[in-house]
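Please find below a short report on a single protein chain. The sequence and the model come first, and the description follows.

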Amino acid sequence: MTCLAGAGTAPELIAEATLAMTAVARLHGLELEDQHPAFGASAVARAGQAFPAATRAAVLGADVVLVAGAEDPALAEVMAELDLRARVTRVRFGYAHDVAFVAPLEPRTEEWSLETAFRLAESRGLRLAAVGDGGWHELADAVAVEHEHVRVERLSPRVAIPLAAFDAARFDVVVMSEQWAEAMIEIAAAPASARVAAHGLLAAHGPSLFMPSPEGGFALAGGGVVNPSSMLLAAAMALEHGLGEHGAASTLAGAVSAALVDGPGTPDMLRRGLGATSREFTARVVAGFQLSLRNAEFHPEAA
C-alpha cells in the first residue's frame, strides 16, 4: 500500500489511518506493508516537484493507494497515471447504515461502472438503485441480465435526490449516470451528526485510489485535533475495494461509526466543551474493534 500525504493536515490524517489499519490487520491476521513516498508540497521541498519519479514508481507498483489531502493539486498527476474508471462514495450514519454510491468517471466507462456496482450489490444486500434517464436504465437492464439475484430499482433523479436527502437509509447500492452523480453524492454525504463519507476511484487495471472528503486542509494543521473519521473510512474502503479484505474493512468501518455515535468527538463535532484529539478519536475506534467484529456477541445498539 502506498500512502500519499501532502501538506496541511494530510500527514496527521495518514498517521491515524496507518495506526488503525495496522491494528485491524493484526486482529484479522493480515500482513500489510505501507510506504510513504514524498508527495505534494513536501516533495517540492525535497525533490523540486510535487510528483517525483520515485513516488510515481511507488504508486504504479502498489496494490492500493491511500491519499490524504484530496484537494492537493498534485493529485491530478497521480490520477493521470492510473486506469481509473468509476467513483465510489461510501456514506455511513448511525451504527450500521452504509450506502455505496457508484458513478462512471466518463461516458466510455459507463458499462464497466454498472458491472462494478452490480458486483458490489452481490457482496452486500442484493439491492441496487439505478438513477438516471431512460437510456441509463436500459444500459442497467442489459448488465442486470448477468446478475439475476440483484433486485434493481429504477429511479428518476427527481425522485432519487429527495430520497438521498431525507431517507438515505432505504438505499444499499446506488449507481448513477455521470451527470447526476455530484448532486446525489453531495446531498447524501452532507455533514450531519454521526455521518461520515469517503471516496474511492476504482481502476480496471492497477491500483485504485482512496481518499477522505475534502476538509480544507490547513486551518487545523499542527494542532492534532483534525477529525480523522473520513480518513479512517477511506482506509476501510482501501481494505475492501482495493485489497479485497472485507472482514477487516467491516471491522474498521463499524468501529468508526460507533465512535461517531458514542464519542468522544473532535472539536469540529462539538458546539461546546473540550473535544478529543485526533489520536484519542482513533484510539476509541481501535478499542471498538472487538465490538464491531462480525462475530461479536454484543453490540452497543442492543444494550
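## Report on the predicted model

Gly 288 counts as buried because its relative accessibility is 18%, where buried means under 20% relative accessible area, exposed over 50% and partly exposed in between, for a 1.4 Å probe and protein chains only. This is a predicted model, in which local features need pLDDT of at least 70 and side-chain atom pairs count only at pLDDT 80 or more, while totals for chains, interfaces and linings use all residues. Residues are numbered from 1 along each chain as its sequence is written, and side-chain values use heavy atoms, with hydrogens and water left out.

Gly 288 sits in the loop between α11 and α12; helices (H or I, at least four residues) and strands (E, at least two) are DSSP runs numbered from the N terminus. In α11, which covers residues 278-287, the buried residues are Ser 278, Phe 281, Thr 282 and Val 285. Viewed down the axis of α11, these buried residues fall within an arc of 95°, so they line one face of the helix, the arc being that of the directions from the helix axis to the C-beta atoms. An α-helix has 3.6 residues a turn, so residues three or four places apart point the same way. The elements that cover the buried residues of α11, with contact meaning heavy atoms within 4.5 Å, include those in the table.

| Covering element | Residues |
|---|---|
| α1 | 10-27 |
| α9 | 229-242 |
| α10 | 246-262 |
| α12 | 289-292 |

The C-alpha atoms of Gly 288 and Gly 125 are separated by 24 Å, and the two residues are 163 apart along the chain. Leu 126 lies in the loop between α5 (110-122) and β5 (127-131), and has a positive phi of about 60° although it is not a glycine. Most residues other than glycine have a negative phi. With a relative accessibility of 35%, Leu 126 counts as partly exposed.

For the chain as a whole, there are 12 helices and nine strands, and buried residues make up 51% of the 303 residues. The C-alpha trace spans about 50 × 50 × 40 Å along its principal axes. Among contacts between residues at least 6 apart in sequence, 71% join residues at least 24 apart. A compact globule of 303 residues would have a radius of gyration near 19 Å, and the chain, with 19 Å, agrees; the radius is taken over C-alpha atoms, and the globule rule is 2.2 Å times the number of residues to the power 0.38.
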